[in-house]
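Please read the following briefing alongside the sequence and the coordinates. The points are grouped by topic.

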Amino acid sequence: MSNLPEVVIKMSGEMDKPLISRRLVDSDGSLAEAPCGAPKVGILGSGDFARSLATRLVGSGFSVVVGSRNPKRTAGLFPASAQVTFQEEAVSSPEVIFVAVFREHYATLCSLSDQLAGKILVDVSNPTEQEHLRHHESNAEFLASLFPACTVVKAFNVISAWTLQAGPRDGNRQVPICSDQQEAKHTVSEMVRAMGFMPVDMGLLASAREVEAMPLRLLPGWKVPTLLALGLFVCFYAYNFTRDVLQPYVQEGKNKFYKLPVSVVNTTLPCVAYVLLSLVYLPGVLAAALQLWRGTKYRRFPDWLDHWLQHRKQIGLLSFFCAALHALYSFCLPLRRSHRYDLINMAVKQVLANKSHLWVEEEVWRMEIYLSLGVLALGTLSLLAVTSLPSIANSLNWREFSFVQSTLGFVALVLSTLHTLTYGWTRAFEESRYKFYLPPTFTLTLLVPCVVILAKGLFLLPCFSRRLVKIRRGWERDGAGKFMLPTDPMLLEKTSHV
Ligand code: NAP
């Protein structure tokens with residue numbers, strides 16, 4: 001495989017150039033003859049994946065031979081330069097053979113054992129969720145057990161047929177690879193590079209189960225934060241509904257149910273965003289308090305705190321999402337018919353009361369400051385959200401990243417608190433605001449953020465901050481527990497750092 005043709009070598013370094021060489025494409029757009037001397041690769045199977053793989057391999061300068069049970073039926077579906085033949089013939093000459101058939105059909109390939117002996121089999125298969133749970137042995141290990149004379153390499157399972165066909169620019173570029181044989185892994189890695197993808201060494205074939213689980217994941221790490229955000233939304237919505245809609249209906253006979261779709265949602269969203277933002281910084285405060293209490297950093301945090309620390313990014317992004325929705329809803333408030341009627345009614349009342357100029361200086365100032373603080377808080381949150389994107393985060397060094405996420409994040413929390421306080425102004429002290437004896441919603445939302453801000457301020461005091469710095473540099477109080485790694489390897493992987 002080391003004598004890759006000229007076209008392949010060029011591909012690996014110049015990702016911005018088209019993957020399919022002009023030399024290989026006919027005037028009508030179909031793929032023409034592969035250059036002579038091109039390395040030969042076999043593919044067993046003629047389904048969707050096999051077709052996309054063949055197209056990409058031919059485009060990357062390989063000579064492809066496809067093994068099908070019925071080559072006559074499927075030959076027309078492959079690039080002209082790919083040879084489509086019977087399975088026995090297809091596996092006779094290539095050293096690397098892709099097995100693009102489902103696990104349940106692996107056994108039907110056993111008749112090819114003799115021809116396959118000594119060759120590299122690339123297992124591209126993906127189990128379904130049920131199959132993954134049912135079989136303790138990965139598909140790749142199962143294939144290896146059926147063909148002990150072959151070297152099995154697990155690769156390409158995370159790449160969809162669509163991405164293979166469209167080219168690596170349109171999807172995930174990383175291809176995790178694992179195998180028990182280093183040389184075979186190297187050969188397949190070179191092919192991955194030549195096809196414009198990026199090999200990621202996942203170690204021995206025993207990792208295949210982990211590699212096969214990758215495409216089964218659906219947004220891992222988001223379940224708990226999303227449930228938390230939804231839970232907060234439901235609680236605050238119910239609370240706001242009781243205060244803004246139910247109370248006027250029950251006690252004053254006023255029908256304000258029209259507020260449900262926009263107004264109540266818009267008073268709920270900032271509450272969720274604000275509390276979520278404070279929940280990003282609360283675990284850091286708890287972790288610092290725990291370290292001060294224990295006098296060491298060499299003891300694991302409790303599991304719940306560990307998980308919480310690991311989900312801070314997702315919680316922060318959900319906070320940003322709610323804050324952005326709140327801004328959008330707020331822009332839409334004046335568009336509502338109910339708002340226009342309210343304005344006209346107010347104007348009529350003003351005329352009837354014979355007031356020529358309605359201007360409450362304090363309210364004007366409150367509103368100006370409140371809006372400005374809200375915009376600043378959202379702007380700072382946007383910065384946090386943008387720097388959470390892997391492509392941006394990768395371009396920052398550790399200090400820059402922690403400055404944005406930690407310092408600017410805290411600034412966003414302070415700005416949001418000021419935004420909430422100027423929104424509330426003196427309302428917390430007005431009796432009429434306690435509908436059904438329930439305090440205004442903003443007073444509830446202030447609870448956790450104020451605790452976080454106060455605790456952060458407390459930790460800035462020299463007596464605490466010096467001790468914390470010492471602890472984080474490895475100092476231990478006499479008698480504090482010594483460093484102990486968890487015995488469970490799963491826990492070891494998940495140990496958090498503050
Ligand atoms: P498919 O379209 O159903 O193709 C499977 C092929 O297996 C058939 O075309 C058939 O080709 C061949 N085959 C060999 N022995 C067979 C037998 N006894 N019974 C039935 N078929 C047999 O499936 P696919 O989507 O290409 O997927 C193939 C493999 O790639 C699977 O393991 C899948 O997990 C993996 N994969 C697929 C994708 C994707 O996006 N589709 C992505 C990653 C991985 P002949 O009739 O010509 O023999």
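**Briefing on the predicted model**

Q181 sits in the loop that connects β7 (174-179) with α9, and in this predicted model the residue counts as partly exposed, at 36% relative accessibility. Its C-alpha lies 8.7 Å from that of L205, a residue 24 positions away in sequence.

**The chain as a whole**

- The protein chain contains 22 helices and eight strands, and of its 498 residues 42% are buried.

**Helix α9 and what follows**

- Helix α9 covers residues 182-194, and its 13 residues span 18 Å from the first C-alpha to the last, which is close to the 18 Å expected at 1.5 Å a residue.
- The buried residues of α9 are A184, K185, T187, V188, S189, M191, V192 and A194.
- After α9 comes G196, a residue with a positive phi near 90 degrees.

**S60 and its surroundings**

- S60 belongs to the loop between α2 (48-59) and β2 (63-68), and because its relative accessible area is 0%, against a limit of under 20% for burial, S60 counts as buried.
- The side chain of S60 makes a polar contact with the backbone oxygen of R56 at 2.8 Å.
- S60 and G196 are 136 residues apart along the chain, while their C-alpha atoms are separated by 8.3 Å.

- W425 is placed in the loop between α18 (398-424) and α19 (441-445), and although W425 is a residue other than glycine, its phi is positive, near 50 degrees.
- With a relative accessible area of 32%, W425 is partly exposed.
- F436 is likewise found in the loop between α18 and α19; this residue is not a glycine, yet its phi is positive at about 55 degrees.
- The relative accessibility of F436 is 29%, and the residue therefore counts as partly exposed.

**The ligand and its shell**

- Around the ligand there are 20 residues, of which S46, F49, S68, R69 and N126 come nearest.
- By class, the shell around the ligand is made up of seven nonpolar, 10 polar and three charged residues.
- A side-chain N or O atom of H105 is 3.3 Å from a nitrogen atom of the ligand.
- The ligand taken alone exposes 880 Å², and the protein buries 80% of that area.

Notes
Residues are numbered from 1 along each chain as its sequence is written. This is a predicted model: local features need pLDDT of at least 70, side-chain atom pairs count only at pLDDT 80 or more; totals for chains, interfaces and linings use all residues. Side-chain values use heavy atoms; hydrogens and water are left out. Helices (H or I, at least four residues) and strands (E, at least two) are DSSP runs, numbered from the N terminus. Buried means under 20% relative accessible area, exposed over 50%, partly exposed in between (1.4 Å probe, protein chains only). A residue is near a molecule or strand if one of its heavy atoms lies within 4 Å of it. A polar contact is a pair of N or O atoms within 3.5 Å; within protein, one must be able to donate a hydrogen and the other to accept it, and residues adjacent in sequence count only if both atoms are side-chain atoms. Accessible areas come from the Shrake-Rupley method with a 1.4 Å probe; for residues, only the protein chains shown count as cover. Ala, Val, Leu, Ile, Met, Phe, Trp, Tyr, Cys and Pro count as nonpolar, Asp, Glu, Lys and Arg as charged, and the others, Gly among them, as polar. The expected span of a helix is 1.5 Å times one less than its number of residues.
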